[in-house]
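Have the structure open as you read.

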Amino acid sequence: MNRFTIIGQRLVAIFLIGCLLFNYPLLSIFSTNDMLWGIPILYIYAFSSWLIIIILMIIVIEMWH
Amino acid sequence: MMLQGGIILLFSLAYIGFLFAIAYYSDKRSDAGRSVISNPYIYALSLAVYCTAWTFYGSVGRAASTGIGFMPIYLGPTLMVALWYLVMRKIIRISKINRITSIADFISSRYGKSSSLAGLVTIIAVVGIIPYISLQLDGVSTSFDVMWQHSELAGAIPPPGTAAILGDTSFYVALLLATFAIIFGTRHLDTTERHEGLVAAIAFESVIKLVAFLVVGVYVTFILFNGFGDIFGQAFQKPELRDLFTMKNAGTYTDWTWLMFLSMMAIMFLPRQFQMTVVENVNENHLDKASWLLPLYLLVINIFVLPIALGGLLLFPSGAVDADTFVLTIPISQGQEEVAMLAFIGGLSAATGMVIVATVSLSTMVSNELVMPLLLHFGPLRLSERRDLGGVLLTIRRCTIILVLMLGYCYFRLTGNAYTLVSIGLISFAAVAQFAPAIFGGIYWKTGNHLGAIVGLSAGFVVWTYTLFLPSLAESGYLSPSFIESGPFGITLLKPYALFGLAGLSPITHSLFWSMLVNAGGYMILSLVGQQSLMEHSQAAQFVDVYKRTQENDFRLWRSTSSVTVLRSILEQFLSRIRVDEALNDYAKKHGLDWSKDDVADAALINYAERLLAGSVGSASARVLLASAVKEEPVSMDEVMYMLDETSKVIAYSRELEIKSKELEQATSELRAANEQLKEVDRLKDDFISTVTHELRTPLTSIRAFSEILHDNPDLDVEQRSKFMAIILKENERLTRLINNVLDLSKIESGKMEWHLTAVDLKEVIEDALATLEQVIKEENIELETALAEHVSLTVTDRDRITQVMLNLLSNAIKFCDSQAGWIMVQLKEQDYTLSVAVSDNGPGIKPENQEIIFEKFRQVGDTLTEKPQGTGLGLPICRQIITYFGGDLRVNSIPGHGATFFFTLPVVSPTEAEADKEPNYASPIFANGKTNNR
């Protein structure tokens with residue numbers, strides 16, 4: 001398998017993970033009034049998932065350079 | 001006082017002046033061949049043109065009422081960008097090869113360079129983007145007013161868009177932005193329609209808006225409040241704000257998902273995004289880094305949205321201040337004029353960036369795909385004969401920019417303040433999402449055709465207009481509100497927000513569902529049903545298989561020749577003479593031509609010229625322009641074959657080759673088998689001949705010997721003489737029999753045997769045969785037992801041949817049965833439409849290993865040294881051939897020492913069963929074997 005195909009497949013996987021993280025039902029688990037470090041847990045979940053997706057993309061894309 | 005009108009204006013103009021400086025500088029650098037924008041960071045920043053006044057002002061407003069409900073608009077692009085490595089790379093590659101100038105050009109080019117489709121896409125783009133432009137006008141003019149009034153209570157300002165036009169800030173904002181866009185985007189025409197200066201300026205704007213927003217965010221979070229925990233903690237104390245911490249106000253999960261989908265489409269297909277991502281792309285590889293830089297940018301610019309929104313709600317609990325202005329009103333209310341000024345500039349940069357790129361891309365579309373084709377089509381203008389059409393093109397573009405901004409302004413006046421910034425923007429998003437089926441289908445599905453694209457897009461656009469655009473006008477009072485409340489003419493099924501009774505969805509989701517349904521559905525169905533023109537077919541192949549493209553793969557869609565002089569004059573209408581010379585000389589150098597000698601422009605050169613021209617006027621116009629000058633000859637079928645995609649041809653060839661080689665292999669192995677068979681037959685023939693000669697020699701020898709005795713001894717006594725004569729006769733008979741047998745066998749084997757078919761009663765045949773041999777049986781003292789069925793069905797066969805078989809079997813039985821107490825038994829039975837005959841004897845029997853050998857020619861069982869051969873060795877083989885011919889079977893059962901039973905079967909076909917013959921599930925083995933009686 002060449003570089004193009006494997007990076008493409010990994011990025012598709014990241015896309016699917018993202019779709020899972022940012023949708024019902026996972027999102028609804030964090031839809032509570034709980035706070036963590038003084039920050040609503042939903043905010044923490046949303047932003048950290050967002051960051052994780054970006055980090056995964058950096059790893060996959062930059063690893064080859 | 002910092003925030004005086006003059007100062008604000010001064011700052012704005014200084015900022016815009018600075019942008020010009022950047023654009024000018026980078027254009028100069030570009031001309032000098034040292035591009036400043038040719039790196040992935042600038043590319044990623046230019047893509048951040050996605051963040052407009054919507055992001056800068058609107059997100060906070062959205063967050064103030066929905067909590068994280070503003071996020072899908074940024075999460076969608078984050079995820080979509082992950083797929084860009086596959087999808088956008090392909091689009092960019094296609095666009096570079098085809099010199100695509102806009103999204104309309106892209107779609108029309110894919111579907112056969114169709115002018116009508118290009119026009120349709122352009123109209124959808126223009127109408128769709130109008131709300132978006134008005135959003136920017138709204139944002140900028142509101143921010144002007146907020147700053148101008150220098151009031152802590154922004155709500156006290158008369159809402160923009162309600163004053164008289166000449167006293168309306170937004171009108172001047174629109175004019176300012178139009179001027180700005182004209183100066184930036186339409187300075188000159190280029191073959192690639194790329195604007196380096198513009199990109200550099202947009203990238204700079206992206207930095208400014210990010211920094212400005214972060215400054216406001218840090219100020220609100222860490223200076224005004226004591227960090228995130230403080231803001232969220234204070235907000236948590238207020239029950240009315242607590243819902244913002246959950247998904248409660250963020251819309252239903254269905255809406256959430258659709259919004260993500262919507263923004264996924266927007267990041268790709270908004271005309272300005274397409275312009276920045278595809279058209280302005282310098283190097284395909286910049287996409288790699290940009291695919292994580294852009295999401296990172298989106299994440300960073302959104303970090304402080306919630307703190308600012310909640311901070312604003314805590315500071316202005318009365319709701320008197322529009323949450324869309326929090327970014328400005330919070331610093332102003334705290335007397336932080338520098339922060340407010342920076343925020344204002346940030347908002348201005350966000351809005352101007354969007355307006356400039358959007359209008360530039362729209363003006364390219366309108367001029368290339370709408371106005372030019374129309375002008376060129378209408379002959380009376382004789383436009384194609386005019387020189388310097390470039391000037392006309394630029395004028396059209398400038399007018400378009402002004403027109404688009406004025407339309408945006410009108411929409412803004414019409415809708416007034418009925419909507420928040422975000423909900424206006426979403427209307428535009430839903431419009432450009434209509435491009436998705438045609439584009440995705442276009443790059444991955446060769447079957448997608450022009451008709452499907454036209455119908456899908458039109459249907460989607462109509463539904464969008466009906467369910468979103470018209471209601472947005474109705475809500476502002478320009479259409480009767482009853483249009484929304486109870487549907488047009490009171491038809492409730494046609495309520496624009498609950499079409500066909502589909503209620504419970506937000507208007508955006510509702511519209512998106514219906515429009516996507518008719519769009520994608522129409523596109524697919526008509527593509528599956530309809531056909532593609534030749535041009536479409538080759539374009540489809542070129543788009544879908546873009547990665548397989550080879551250098552030779554340039555489609556020879558021009559089957560004609562023209563003169564270089566004519567081509568040159570067409571090109572010079574749009575491009576500078578220097579540029580044309582450069583391009584043609586390049587071409588000449590590459591192909592080893594000399595224009596001073598060669599004036600014949602072949603198909604490849606015309607193709608080259610078309611792409612050159614497409615870079616500045618779009619592919620549809622380029623085609624029309626060249627077609628008017630180059631008389632095309634009709635395309636022949638041979639040419640059609642030639643035009644077919646090189647790669648698909650190669651694939652087809654290799655597939656054919658594969659099939660051919662498989663066939664060849666098979667043929668080879670068949671030939672080998674046939675050869676083996678031939679060799680075997682040849683060997684058998686040799687064996688046969690040598691055996692036959694040997695068999696012939698035996699009787700001949702004895703005939704000759706006895707004849708010689710008779711000849712040499714004329715005085716032999718009569719008794720002796722007649723004895724010798726009898727031997728000679730007997731040997732002669734044997735010889736005759738042998739020759740007859742050989743002839744029979746060769747006739748049967750070569751299929752030359754004449755068969756006389758009649759309905760035969762097997763019982764009669766057996767009885768006849770027994771009668772013939774009755775004398776012999778009696779002489780030999782053999783006990784004959786018969787068990788013949790009373791009545792048996794008739795069988796169609798050759799009576800004489802079956803008699804021959806019967807006689808043969810009986811003679812063998814007589815020959816081989818016990819010499820002292822001989823016993824023979826003959827049986828005849830009928831069962832399952834089969835007649836079977838068995839002839840048994842009580843002879844020595846046949847060893848199992850010999851039971852098949854006896855049916856081979858000249859194979860007699862027994863010790864040939866001690867026993868004299870008792871037959872020709874051909875009887876049984878002939879019998880088997882005869883029986884097999886009639887669809888039966890001849891075999892032997894024997895236990896050595898206990899006699900042998902020869903039995904054969906014959907299928908029943910009698911005239912009485914003729915009707916049964918006609919039944920499809922019954923066929924006699926004779927007929928089933930194809931051995932019919934008409935031979």
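Which residue forms a salt bridge with B:Glu708? The partner is B:Arg704, and the closest N and O atoms of the pair are 3.2 Å apart. Keep in mind that this is a predicted model, so what follows describes a prediction.

B:Glu708 and B:Arg704 both sit in helix H30 of chain B, four residues apart, or about one turn of the helix. How accessible are the two side chains? B:Glu708 counts as partly exposed because its relative accessibility is 38%. B:Arg704 has 58% relative accessibility, so it counts as exposed.

Helix H30, which covers residues 646–712 of chain B, also holds B:Lys679 and B:Glu676. These two are three residues apart, again about one turn of the helix, and their side chains meet in a salt bridge of 4.0 Å, N to O. B:Glu676 is partly exposed, because its relative accessibility comes to 46%.

**A pair that reaches across the chain**

Now for a salt bridge in another setting. B:Arg89 pairs with B:Glu284, with 3.6 Å between the closest N and O atoms. This one links distant parts of the chain: B:Arg89 is in helix H5 (residues 87–98) of chain B, while B:Glu284 is in the loop between helix H13 (271–279) and H14, 195 residues away. Both B:Arg89 and B:Glu284 are buried.

Over all chains, the structure holds 17 salt bridges. Here are some of them side by side, including one between the two chains:

| Salt bridge | Closest N to O |
|---|---|
| B:Glu708 and B:Arg704 | 3.2 Å |
| B:Arg89 and B:Glu284 | 3.6 Å |
| B:Lys289 and A:Glu62 | 3.1 Å |

**Where the chains meet**

That last row takes us to the interface. How many salt bridges are there between chain B and chain A? The count is one, and it is the pair of B:Lys289 and A:Glu62. There are also six residue pairs in polar contact between chain B and chain A, with both residues at pLDDT 80 or more.

On the chain B side, five helices each supply at least two of the residues that touch chain A: H4 (72–84), H10 (227–237), H12 (253–269), H14 (286–302) and H15 (305–315). H14 of chain B gives the most, with nine residues. Sorted by class, this side of chain B has 30 nonpolar, eight polar and five charged residues.

The contact takes 43 residues from chain B and 34 residues from chain A. Together the two chains bury about 3500 Å², and 79% of that is on carbon and sulfur atoms.

**A buried alanine**

Back inside chain B, look at B:Ala64 in helix H3 (residues 53–66). Is B:Ala64 buried or exposed? With 12% relative accessibility, B:Ala64 counts as buried. Leaving out residues up to four places away in sequence, B:Ala64 touches B:Leu244, B:Ala309, B:Leu313, B:Ala323 and B:Phe326. The C-alpha atom of B:Ala64 is also 9.6 Å from that of B:Pro307, a residue 243 places away along the chain.

**The two chains as a whole**

Chain A has three helices and two strands, running α-α-β-β-α from the N terminus on. Of its 65 residues, 38% count as buried. Among contacts in chain A between residues at least 6 apart in sequence, 60% join residues at least 24 apart.

Chain B has 36 helices and nine strands. Buried residues make up 53% of its 935 residues. For chain B, 80% of the contacts between residues at least 6 apart join residues at least 24 apart.

The mean pLDDT of chain B is 80, and 86% of its residues reach 70 or more. Two stretches deserve a flag. Over residues 863–868 of chain B the pLDDT stays under 50, and the model has two contacts there beyond four places in sequence. The pLDDT is also below 50 over residues 912–935 of chain B, a stretch with 27 contacts in the model beyond near neighbours in sequence.

Conventions: Residues are numbered from 1 along each chain as its sequence is written. Chains are lettered from A and ligands numbered from 1 in the order in which they are written. Side-chain values use heavy atoms; hydrogens and water are left out. pLDDT is the predictor's confidence in each residue, from 0 to 100. Contact means heavy atoms within 4.5 Å. Buried area is the accessible area (1.4 Å probe) that two parts lose on being put together, summed over both. A polar contact is a pair of N or O atoms within 3.5 Å; within protein, one must be able to donate a hydrogen and the other to accept it, and residues adjacent in sequence count only if both atoms are side-chain atoms. Ala, Val, Leu, Ile, Met, Phe, Trp, Tyr, Cys and Pro count as nonpolar, Asp, Glu, Lys and Arg as charged, and the others, Gly among them, as polar. Buried means under 20% relative accessible area, exposed over 50%, partly exposed in between (1.4 Å probe, protein chains only).
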